[in-house]
Amino acid sequence: MAGRPPKPTAMKRLAGNPGKRKLNEAEPKFELAIPRPPRHLDPVAKAEWRRVSRELFDAGLLTRVDRAALAAYCQAWSTWVDAVKRLREEGQTIISDKGYVYQHPLVAIRDKAVEQMRRFMVEFGMTPSSRSRVKAEKPETVDELERILFGQDVKVVNDGGA
């Protein structure tokens with residue numbers, strides 16, 4: 001039976017290395033950046049991407065390689081929003097032709113999306129308990145040319161969009 005997945009060295013360092021174990025100094029380090037959202041995200045997921053990506057970057061927790069994990073979180077958010085809206089309209093239960101009451105299938109979809117969101121939120125330090133274990137430092141500011149081109153202190157990277 002597998003235990004907890006190992007915590008990245010950066011997260012251990014930000015949390016003050018509470019276990020006082022030797023840190024993996026050979027772990028890859030990636031440059032902080034806000035990746036562009038994938039084109040396949042729907043509008044609700046893209047809105048969530050815009051909402052959280054800058055916050056994660058400002059906290060020093062977002063790099064280009066985090067793009068897929070953030071996209072999966074944002075799409076789970078969109079699925080959850082859709083399920084909640086539809087359940088509000090259609091109700092939590094359905095009645096069969098024979099009069100039996102069943103749980104609406106969207107309840108399971110909503111609950112699965114919440115679980116997926118929760119897992120990604122913990123990974124990114126987006127819950128109160130996971131955030132309390134992190135002592136994040138703000139990223140270094142970008143150079144003057146990037147500030148002029150992008151109008152803000154953020155490194156925006158082009159990942160091809162896909």
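Q: Hi! What should I know before we start?
A: This is a predicted model, where local features need pLDDT of at least 70, side-chain atom pairs count only at pLDDT 80 or more, and totals for chains, interfaces and linings use all residues. Residues are numbered from 1 along each chain as its sequence is written, and side-chain values use heavy atoms, leaving out hydrogens and water.

Q: Thanks! Which residues of helix 4 are buried?
A: Leu106, Val107, Arg110, Ala113, Met117 and Met121. Buried means under 20% relative accessible area, exposed over 50%, and partly exposed in between (1.4 Å probe, protein chains only). Helices here are DSSP runs (H or I, at least four residues), as are strands (E, at least two), numbered from the N terminus.

Q: Why are they on the same side of helix 4?
A: They cover an arc of only 130° around the axis, so they share one side of helix 4. That arc is taken from the directions from the helix axis to the C-beta atoms.

Q: And which residues are exposed on the other side?
A: Pro105, Arg119 and Glu123.

Q: What do the buried ones pack against?
A: Helix 3, strand 3 (101-103) and helix 5 (128-132), with contact meaning heavy atoms within 4.5 Å.

Q: New topic: how many aromatic pairs are there?
A: A search of the whole structure finds one. Its ring centres, in Trp77 and Trp80, are 5.3 Å apart with planes at 40°, so the pair is tilted. Rings of Phe, Tyr and Trp (its six-membered ring) pair with centres within 6.5 Å; planes under 30 degrees apart are stacked, over 60 edge-to-face, the rest tilted.

Q: Where do those two lie?
A: Both are in helix 3, three residues apart, about one turn of the helix.
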